[in-house]
Amino acid sequence: MLSSRLRHLRGLGLRREDRNNRDQKPFKLRSADRKLYRHLIYTVPTCSNPSGVTMSLERREGLIKLARMYDALIISDDVYDLLQWSTVIPVTTRDRRPEMRLPRLCDIDRALGPCVDDPHGFGHAVSNGSFSKIAGPSLRTGWAEASPAFITGIAHAASTRSGGAPSQLCAAMLADIIGTGQLQGFVDETVRPALQRRHRLMMDAIHTHLSPLGVKVRASSLRGYDISGGYFVWLDVSSEFSTNFIADMLRYEEDIVIGHGQMFAVHGDDKSANFAKCIRLSFSWEAEEDIADGIKRIGQMLLRMNEKSKYYLELASTLRGQE
């Protein structure tokens with residue numbers, strides 16, 4: 001009840017701030033092929049980085065309504081939409097259940113039609129896709145999906161028209177493998193099965209070596225469904241040490257590099273979203289034979305820190321004093 005009341009009061013404050021700022025002059029001029037939004041929202045709704053969580057359909061619809069209410073543009077990073085799998089059965093080309101095909105934010109926005117305050121139909125959501133995640137790293141080529149008016153505006157942007165931003169060579173090669181159906185086959189027959197296998201290896205190792213130490217892990221990306229996806233696993237670590245310090249000790253004593261939670265915190269927003277007890281692990285990068293060994297050594301490090309807590313607490317205090 002308290003958190004609900006606080007959210008209500010915070011919402012009132014945001015609405016008051018929005019009203020007070022409506023008279024501010026924009027930095028750019030309005031034109032027929034440009035819409036100036038008052039706010040910007042960035043999100044990774046499917047298999048989010050770093051948490052791996054997937055936004056429910058109800059929340060997606062609510063976010064679109066919020067964006068329309070406050071004239072905001074949602075930039076949706078949909079880079080993991082095609083990289084989902086069941087946690088209980090092998091990947092197949094037909095394994096595309098509805099929960100793996102939730103409508104994107106741009107789909108929901110377009111289905112609702114133009115707003116009263118958006119007569120030209122620019123919309124309030126744009127989807128960003130990347131071939132780097134599904135075809136090969138470092139391609140640096142992707143695509144955007146939104147309303148026709150919004151896409152026309154992107155096409156007229158200087159970075160697009162100059163030819164300097166997109167990679168024409170990569171785009172030409174990708175156009176060919178998409179047209180022949182090779183890319184879809186590669187995703188279904190190679191990428192998704194490999195990620196599913198690696199994810200299973202990591203989850204099994206976590207349950208064996210980390211769960212007994214009080215470490216908690218999310219079983220699926222979407223609550224209530226046996227599906228996962230993306231590149232990462234998010235852990236909640238029950239320890240008297242921050243994961244920042246744990247990461248330092250792993251690097252120094254075990255030659256293991258992890259993503260500690262504070263790497264993903266927003267500066268100045270630490271009170272509302274503190275990740276000092278969280279860890280992000282990538283199962284997409286390391287060789288399969290190294291995944292279980294790495295998790296085992298993380299468990300050994302945590303156990304060692306628990307057994308010699310006095311030594312490590314003094315070390316942590318010393319390191320803080322040197323910062």
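Colleague: Let me start with a strand. Which residue of β5 stands opposite S130?
Modeller: S130 has G142 opposite it in β5. Before we go on, this is a predicted model, where local features need pLDDT of at least 70 and side-chain atom pairs count only at pLDDT 80 or more, while totals for chains, interfaces and linings use all residues. Residues are numbered from 1 along each chain as its sequence is written, and side-chain values use heavy atoms, with hydrogens and water left out.

Colleague: Thanks. In which sense do β4 and β5 pair?
Modeller: Antiparallel, over four bridges, with β5 covering residues 142-145. Two strands count as paired if DSSP finds at least two bridges between them. The elements themselves are DSSP runs numbered from the N terminus: helices are H or I with at least four residues, strands are E with at least two.

Colleague: And β2 with β4, parallel or antiparallel?
Modeller: Parallel there, again over four bridges, and β2 spans residues 72-77.

Colleague: Why do you call β4 largely enclosed?
Modeller: Because five of the six residues in β4 (residues 125-130) are buried, the strand is largely enclosed by the rest of the structure. Buried means under 20% relative accessible area, exposed means over 50%, and partly exposed is in between (1.4 Å probe, protein chains only). β2 is mostly covered too, with five of its six residues buried.

Colleague: Switching to charges. How many salt bridges do you count?
Modeller: 15 of them, taking a side-chain nitrogen of Lys or Arg within 4 Å of a carboxyl oxygen of Asp or Glu as the rule. One of them joins the side chains of K35 and D71, with N to O at 3.0 Å. K35 sits in the loop between α1 (2-20) and β1 (39-43) and D71 in the loop between α2 and β2, so this pair ties together parts that are 36 residues apart in sequence.

Colleague: Are K35 and D71 buried or exposed?
Modeller: Both are buried. K35 also lies over the face of Y37, 4.9 Å from the ring centre. For that, NZ of Lys or CZ of Arg must be within 6 Å of the ring centre and within 35 degrees of the ring normal.

Colleague: Which residue lies over the face of F232?
Modeller: That one is R280, at 3.8 Å from the ring centre. R280 is also the bridge partner of G259, within β10. As for F232, it forms one aromatic cluster with Y80 and Y231. Rings of Phe, Tyr and Trp (its six-membered ring) pair if their centres lie within 6.5 Å, with planes under 30 degrees apart called stacked, over 60 edge-to-face and the rest tilted.

Colleague: Nice. What is the strand order in the open sheet?
Modeller: β6-β8-β10-β9, four strands with antiparallel pairing. β6 (216-217) and β9 (259-260) are the edge strands, each pairing on one side only. Two bridges join β9 to β10 (residues 278-282).

Colleague: Back to salt bridges. Which residue pairs with R68?
Modeller: D109, with a side-chain N to O distance of 3.0 Å. R68 lies in helix α2 and D109 in helix α3 (residues 105-112), so the pair ties together parts that are 41 residues apart in sequence. R68 counts as buried because its relative accessibility is 18%, and D109 is buried as well.

Colleague: What else does the R68 side chain reach on D109?
Modeller: The backbone oxygen, at 2.9 Å. That is a polar contact: N or O atoms within 3.5 Å, where within protein one must be able to donate a hydrogen and the other to accept it, and residues adjacent in sequence count only if both atoms are side-chain atoms.

Colleague: Last one: how far apart in α7 are D204 and R200?
Modeller: Four residues, which means about one helical turn in α7 (residues 182-209). D204 counts as partly exposed at 38% relative accessibility, and R200 is partly exposed at 33%.
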